[in-house]
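Hi,

Here is the structure I said I would pass on. Have a look at it first, and then read my notes below.

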Amino acid sequence: MESPGSGGRLVMKGSCKVYISILTLASLLCGCWDRKELNDQVFDLAGGIDLDEGKDKRYLATAQLFIPSKKGEGQGSSKPSYFLETSSGRNIYESIEIMQRYLSRSMTRGHRRNLFIGERLAKSGISEILDSYTHDPDSRLRTDIWVVKDGTAMDIMKVNYPLEELPGMAPIKIHQATGGIVGSSLVEYLINSKGEGSSPTLPVMQKIFPPGLAKPMMMFYGRAIFNHDNQLVGYLDNEEAHNRDWILGLAKYVVLTTELQGQSSGVVFQPKRKIRITALDSDKIRIEIAIKGHIVIKENNTSLVLSNYSDLMKLQESFNQEISKQMIRLIDKVQNTFKLDVLGIGETLYRQHPNYWKQHKKDWDTIFVNSELVVRTNLEIKQLGQQNSSIQVK
């Protein structure tokens, strides 16, 4: 004869079995059933786009593909962890899709950090590249886009850079080591191309052969200037690019060399600027750019004795005259050669004189070219290093 509580125990046992079955099924459903294993993927960490030579408006895509499985083969392995692949198509996406047809692994582009553009393609226009990046969800906006001066994207991507396991990552670290901002050139380009008055720029890499060495290397050159049709019109070299960053308020430091009874080099720390704009009339404005910073002397091969206040002031004035000359050359180049505002003056005008900007923004390119730009400098020598004068001074 069953006890009064035995029916309750049977119900509880049955309920436990149901709960266990539900939990088992739930655990199966919660798994990453659609995940891709590493052995099924190949990562596109750096890409390049060129015009396909000899073909009418076809694109040549190059990818530097990282192979995850190579990572575990040990430090002594001589096998590279990447390889290059190319494909040609009528547009950017078609080129990539064709490349996938002969890759046994699924190509993942979400980790791509660099995209190189050949000079010939940049001169013809990069609107289709920008369209591809803004429409394709597999492309990341925090990508650095580089123009390759005097060459193709493939030229840079074929350089076997010794300091990085993946050569396509080298430009980021080179730019960063020279005071540049990384991970933002695509976003900045899109903002400036749609912003108030500014023309867009991109960083530039160049393939070089260092003196005495036959092995090619890559070097940061400066900035590429684009017009409103997204076509390359010219370059700013490294010095001009750093001075442009100074005017924009982006510079971290600037290296400066002057000549006065010999040569002296220093680093300008805390480079700052202040821009003041005065509207003179309907089609002309006056732009005053005041720059300042602290100089740390790194090398002094002059005959000046820097412990002498008079000599110190002479050298300081020489540094001020040198940076003034450089700034004037930069302004003349962007005003008279490129005829485009890449100095952020239009944005400053928009903030300081919004009503004037609203009335004249359609004519900004012409107003910028005809405007008067004045540079005022105030650099101060703060540190002399371990020697007050050159060791050559007796």
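Before anything else, a term you will need: two strands count as paired if DSSP finds at least two bridges between them. Also keep in mind that this is a predicted model.

Let's start with the sheet. Four strands make up an open sheet, in the order S10-S11-S12-S13, and their pairing is mixed. At the edges sit strand S10 (253–259) and strand S13 (372–383), each of which pairs on one side only. From one strand to the next, the twist averages 35°.

Going through the pairs, S10 and S11 run antiparallel and are joined by seven bridges. Val 255, for instance, has Val 267 in S11 as its bridge partner. S10 and S11 form a hairpin with three residues between the strands, and there Gln 261 takes a positive phi near 55°.

S11 also pairs with strand S12 (residues 284–300), again in the antiparallel sense, over 15 bridges. If you want to find your way along this pair, look for Val 268, which stands opposite Ile 295 in S12, and for Thr 278, which stands opposite Arg 286 in S12. Helix H9 (residues 309–338) packs on the sheet and touches S10, S11, S12 and S13. The direction of H9 makes about 145° with that of S13.

H8 gives the largest share, with six residues.

One last point on the pocket: domain 1 (39–68 + 81–236) and domain 2 (237–393) each provide at least three residues of the lining.

Cheers

Technical notes. Residues numbered from 1 in each chain as written. Predicted model: local features only at pLDDT ≥ 70, side-chain atom pairs only at ≥ 80, totals over all residues. Heavy atoms only, no water. Helix = DSSP H or I, 4+ residues; strand = E, 2+ residues; numbered from the N terminus. Domains from an automatic or database assignment. Axes fitted to C-alpha atoms, helices over the stretch in contact; angles between N-to-C directions. Contact = heavy atoms within 4.5 Å.
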